[in-house]
2 protein chains.
Amino acid sequence: MRLIIIDDDPLVAASLKTILEAKDITVLAVGNDGEQAKFLYGKFMPDILLMDIRMEHINGIEAAKQVLGQYPDAKVLFLTTFADDEYIIRALEIGAKGYILKQDFENLVPALQAVFNGQNVFGNEIVTKLPGLLQETGKFDYEACQITEKEQEIIRLVADGLNNKEISDTLYLSEGTVRNYLSQILNKLELRDRTQLAVFYYQHK
Amino acid sequence: MRLIIIDDDPLVAASLKTILEAKDITVLAVGNDGEQAKFLYGKFMPDILLMDIRMEHINGIEAAKQVLGQYPDAKVLFLTTFADDEYIIRALEIGAKGYILKQDFENLVPALQAVFNGQNVFGNEIVTKLPGLLQETGKFDYEACQITEKEQEIIRLVADGLNNKEISDTLYLSEGTVRNYLSQILNKLELRDRTQLAVFYYQHK
DNA sequence: CCTTTTATATGACATTTGTCATATCATCTG
DNA sequence: CAGATGATATGACAAATGTCATATAAAAGG
């Protein structure tokens, strides 16, 4: 198995190289910058591109996107020090083969093997997060928070982008009343303003 | 590596056993019913439970749930003939280690190895579906609307519920500048206020 | 080098927003 | 009936928001 390692930190990159070579894996090249990823990939055409996801200048995702744009069959396995929701999605979107924690170095070789054989590999930390990401956060129980029916109506209208005047027209209330309701809602949900309320609404739906 | 195979179809189960034993993998037992899964797991305590996902009587998911309920550290790898969106989520939820197509029998061994070493393995057919499941709504093309990179950053922060001061602190800009940016954004997207912007963000994501 | 563009900032301003204290009025409830 | 409760309203106020005209400096382009 022939691969290229890209890591911001030269120490990490070198350690990885040593570890992997001890396991009879050929490290064709080591880079420490997203910029080098595409160049080195084109030059060596490795079986796998093992790359840090957090790097200065060009991050791993961006670099991988470029590599995959030019070489769609490239197998990219990301390395990271901790799991980041944002990155999981992006990595999957662009077609990475997986995502493994640096700490799990004893699992690195089997992971590489699996990727080499066409599988996709994800560490536990990642997978346990997926259901949460997949199933949009369990609906929020407004009742449990003593949010009345009328208040919920107002929440929906705020989450629709209406201002106080529009809400008052819709519900046949005075604008002041709407303000009062809203004030109570924000208080109950411990939010600061209507925008946070709208955000809350969409994130708990 | 010691494992148990559960498959509805005795022929498939037997074939798998033959293939795997040829690769020096110990098949402790073969079952053909979800009911047997829990019993056999308890009896043999294998490293991995390799199980069909579609079975009569008790399906794989249900059987795995029971096994995992009793033995939370069980490593369950599902087998299936085709990928089913519904199952992906369910399998991840209950804590399965992966999901592989029966057709990919040449990848089965590396996959088992990776699972044995604590990884999670998913076939390509599955992974390519994940982004779709993660965010099904076609996302909005801000570039096309001439929304600059910086403006997009501000949008994200507004959609996070920050006020102008907080945004300016985050981006090292003056509050006035943030206001100006926001004003431009609202103008470009033909929205009225930051709440509508947050709403827009969540509805086009 | 001069001009244009781009990013950032300021101040002034009207409007909207959120909070609070208080007021009606109808409906329960003992 | 008297008092409590709940829904709605008002007015006052400070803070935040959105708009606009304008300013400045740096970068880019000629």
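Helices and strands here are runs assigned by DSSP and numbered from the N terminus. With that in hand, one can start with helix H3 (residues 60–70) of chain B, which lies across strand S3 (48–52) and S4 of chain B. H3(B) runs at about 160° to S3(B). Everything described below comes from a predicted model. Helix H1 (residues 10–22) of chain B also sits on strands: H1(B) lies across strand S1 (2–6) and S2 of chain B, and runs at about 180° to S2(B).

Now for the sheet itself. Twelve strands make up an open sheet, and the pairing in it is mixed. Reading across, the order is S2(A)-S1(A)-S3(A)-S4(A)-S5(A)-S6(A)-S6(B)-S5(B)-S4(B)-S3(B)-S1(B)-S2(B). What stands at the edges? Strand S2 (26–31) of chain A and strand S2 (26–31) of chain B do, and each has a single partner strand, so one side of each is left without a neighbour in the sheet. From one strand to the next, the twist averages 25°.

Within chain B, the pairings can be followed strand by strand. Strand S4 (residues 76–80) of chain B runs parallel to strand S5 (residues 98–101) of chain B, and four bridges join them. In this part of the sheet, B:Phe78 stands opposite B:Tyr99 in S5(B). S5(B) also pairs in the parallel sense with strand S6 (residues 120–122) of chain B, over two bridges, and here B:Gly98 stands opposite B:Val121 in S6(B). To get from S5(B) to S6(B), the chain passes through helix H5 (residues 105–116) of chain B, and this β-α-β crossover is left-handed.

The two chains meet in the sheet as well. Strand S6 (residues 120–122) of chain A and S6(B) run antiparallel and are joined by three bridges. The bridge partner of A:Val121 in S6(B) is B:Val121.

Beyond those bridges, the contact between the chains takes 34 residues from chain A and 33 residues from chain B. On the side of chain B that touches chain A, the elements giving two or more residues are helix H4 (85–94), H5, S6, helix H6 (124–127), helix H7 (130–134) and helix H11 (194–203) of chain B. H11(B) has the largest share, with six residues. By class, this side of chain B divides into 17 nonpolar, twelve polar and four charged residues.

Over in chain A, helix H9 (residues 164–171) and helix H10 (residues 175–189) pack with their axes 8 Å apart, at an angle of about 105°. That angle makes H9(A) roughly perpendicular to H10(A). From H9(A), the contact uses A:Asn164, A:Lys165, A:Ile167 and A:Ser168, while H10(A) brings A:Glu175, A:Thr177, A:Val178 and A:Arg179. Sorted by class, the residues of this contact come out as two nonpolar, three polar and three charged.

H10 turns up again at the DNA. Around DNA strand C there are 18 residues, and A:Asn163, A:Ser183, A:Asp193, A:Arg194 and B:Gly176 come nearest. H10(A) gives the most to the surface near DNA strand C, with six residues, and H10 of chain A and H10 of chain B each supply at least two. That surface has three nonpolar, ten polar and five charged residues.

DNA strand D is surrounded by 18 residues, the closest being A:Gly176, A:Thr177, B:Ser183, B:Asp193 and B:Arg194. Here H10(B) gives the most, with six residues. The surface near DNA strand D has three nonpolar, ten polar and five charged residues.

Definitions and conventions:
Residues are numbered from 1 along each chain as its sequence is written. Chains are lettered from A and ligands numbered from 1 in the order in which they are written. This is a predicted model: local features need pLDDT of at least 70, side-chain atom pairs count only at pLDDT 80 or more; totals for chains, interfaces and linings use all residues. Two strands pair if DSSP finds at least two bridges between them. A crossover is right-handed if, with the strands pointing away from the viewer, the path from the first strand over the helix to the second runs clockwise. Axes are lines fitted to C-alpha atoms, for helices over the stretch in contact, and angles run from 0 to 180 degrees between N-to-C directions. Angles under 35 degrees count as roughly parallel, over 145 as roughly antiparallel, 65 to 115 as roughly perpendicular and the rest as oblique. Two residues are in contact if their C-beta atoms, placed from the backbone, lie within 7 Å. Ala, Val, Leu, Ile, Met, Phe, Trp, Tyr, Cys and Pro count as nonpolar, Asp, Glu, Lys and Arg as charged, and the others, Gly among them, as polar. A residue is near a molecule or strand if its C-beta atom, placed from the backbone, lies within 6 Å of it.
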